[in-house]
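Please read the sequence and the model side by side. The report takes up side-chain packing, charged pairs and aromatic rings in turn.

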Amino acid sequence: MSFKDLLSSMFTYTPDNKQTYQFNLVEDVHTKNYPESDLGNEETSQTKIFPSLSVNTDYLKSKFNLLINSDIIFRNFILNARGKQYQALLIFIDGMINTEIMNEFILEPLMMRNKNNLFEGSQNKIISEAVANNITVRKVKKFNLPNYISSCLVPQNAIKQISSFEEIISGINSGNCALFIDTLDLAFDIEVKGFKQRGIEKPSNEIVIKGPHESFVENIRTNTSLIRRFVNNENLIIENLNIGNITKTKCGVCYISGLANEELVAEVKFRMHNLDVDSLLSAGQLEQLITDSSNINSPQLISTERPDKTASYLLDGRVIILVNGSPYAIITPGILSDFLSSPDDKNQKALFSNFTKFIRLLAAFITLLLPGLYIAVTSFHQEILPTELLFSILASRANVPFPIIFELLVLEISFELIREAGLRVPSPIGPTIGIVGALVMGQAAVSARYC
């Protein structure tokens, strides 16, 4: 094996084409009930719901690969409504719903017999009745099964009537259940989410002393509720967008109407609407996708895990982006002063806040310019150094065979290696690596000083 093949085998994977598996999964789909063009093409998700329950069942079994999927549940039952019985179907994903809500507020009202759904009289409801000249005049409201189900039978706060498979499948994938009824060319999307999620905890990266101790979580609706608790105003707008051709990740664009610049809002929504990506899993990915590319790698957006900081920027007229599944909010746009401020600055006196901002600004200049200034002074402008300090530097470098710039590059890379190791290794040994790295580098500096 050559060296190139060895590297390729270490970092890539190629399936073995010598061994092939021949097997097919036969799908029993009644193609005679709907056009063949609706099966197996890219526009399948746009198909309208059919009035036949058996056709809808076979169609969804094919879409969800029910022959090999183990967590997709198809629940058939008999629905009672006004003395009539209908074949019905509930579709949901096991592990993403609340079974108590499903049993008590959906299956029980639809299946159990009670005085409302056992009324065997006329399917039409008499609204008013008047008698004049021995003639009875009645105002009758025609019985509408979809409205009767959503308004009388299902005591659920979030229920929608949907006529396309695209929206139904999206709702099932997000943790809702879909109700199909025979003879109806629509379905009901009922919210029964019940999957486990992390509770609201203290911020781990942006710790403050006097500010609130709440942070965002991975659920977008929990995050929007946290923002609305701080911004108690009806002008707060939260628009939903779906990004990703495969994942269809739910994102929220938040701004205060009347405060945010309309051109800024339009620009943010334009960039998000025009993202042609297959998947979006985190706010960090979205930040890279909507940021302007520039030669200077300076941040243009701000990421924060604090709802109070997010609300503060909303009140300044900024636009906030939330991504479902990510505990961070993206603040657009970000300017230099934003990176030198802290949420604690507004909780302190102006004198202390300005002093800490000056300290941060000084630290930023030292971080950016100190290595370059050290090389420039020690290599090209030794005359500006005091004589004793210059002799000390020259003595420490007398036995070093490398130039200063090489030493600084090794030092910077070593710090990055220690930092990366401290972040990636398991938490019990992370601090140990940092301490050992600091001791080794300090000892190396002392040895170089007295060589």
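This is a predicted model: local features need pLDDT of at least 70, side-chain atom pairs count only at pLDDT 80 or more; totals for chains, interfaces and linings use all residues.

## Nonpolar core

The largest nonpolar core of the model has 26 residues, and those with the most contacts inside it are L79, M102, I106, L110, I149, L179 and I181. At least two residues of this core come from each of the strands β1 (72–81), β2 (84–93), β6 (177–181) and β7 (187–190), and likewise from each of the helices α3 (99–111) and α4 (145–153).

When its neighbours within four places in sequence are left aside, I149 is in contact with L79, L110, V154, L179, I181 and F188.

## Salt bridges

The count of salt bridges comes to 10, and among them is the pair of D292 and R271, whose closest N and O atoms are 2.9 Å apart. Because D292 lies in the loop between α8 (283–290) and β10 (302–304) while R271 belongs to helix α7 (residues 262–273), the pair ties together parts that are 21 residues apart in sequence. D292 is partly exposed, with a relative accessible area of 42%, and R271 also counts as partly exposed, at 26%.

The side chains of E201 and R198 meet in another salt bridge, at 3.4 Å from N to O. E201 is partly exposed at 42% relative accessible area, as is R198 at 32%. Salt bridges that share partners join R198 and E201 with E218 into one network. A further salt bridge is formed by R306 and D308, with 3.1 Å between the closest N and O atoms, and here both residues are buried.

## Aromatic pairs

The count of aromatic pairs comes to 4. In one of them, the rings of F50 and Y59 have their centres 6.3 Å apart and their planes at 70°; planes over 60 degrees apart count as edge-to-face, so this pair of F50 and Y59 is edge-to-face. F50 is buried, with a relative accessible area of 13%, and Y59 is buried as well, with a value of 1%.

F50 also pairs with F165, in a tilted arrangement with 6.1 Å from centre to centre and 50° between the planes. Since F50 lies in the loop between α1 (3–11) and α2 (53–63), and F165 in helix α5 (residues 165–173), this pair ties together parts that are 115 residues apart in sequence. Both F50 and F165 are buried. Ring pairs link F50, Y59 and F165 with F180 into a cluster.

Conventions:
Residues are numbered from 1 along each chain as its sequence is written. Side-chain values use heavy atoms; hydrogens and water are left out. A nonpolar core is a set of buried Ala, Val, Leu, Ile, Met, Phe, Trp, Tyr and Cys residues joined through side-chain atoms within 4.5 Å. Buried means under 20% relative accessible area, exposed over 50%, partly exposed in between (1.4 Å probe, protein chains only). Helices (H or I, at least four residues) and strands (E, at least two) are DSSP runs, numbered from the N terminus. Contact means heavy atoms within 4.5 Å. A salt bridge is a side-chain nitrogen of Lys or Arg within 4 Å of a carboxyl oxygen of Asp or Glu. Rings of Phe, Tyr and Trp (its six-membered ring) pair if their centres lie within 6.5 Å; planes under 30 degrees apart count as stacked, over 60 as edge-to-face and the rest as tilted.
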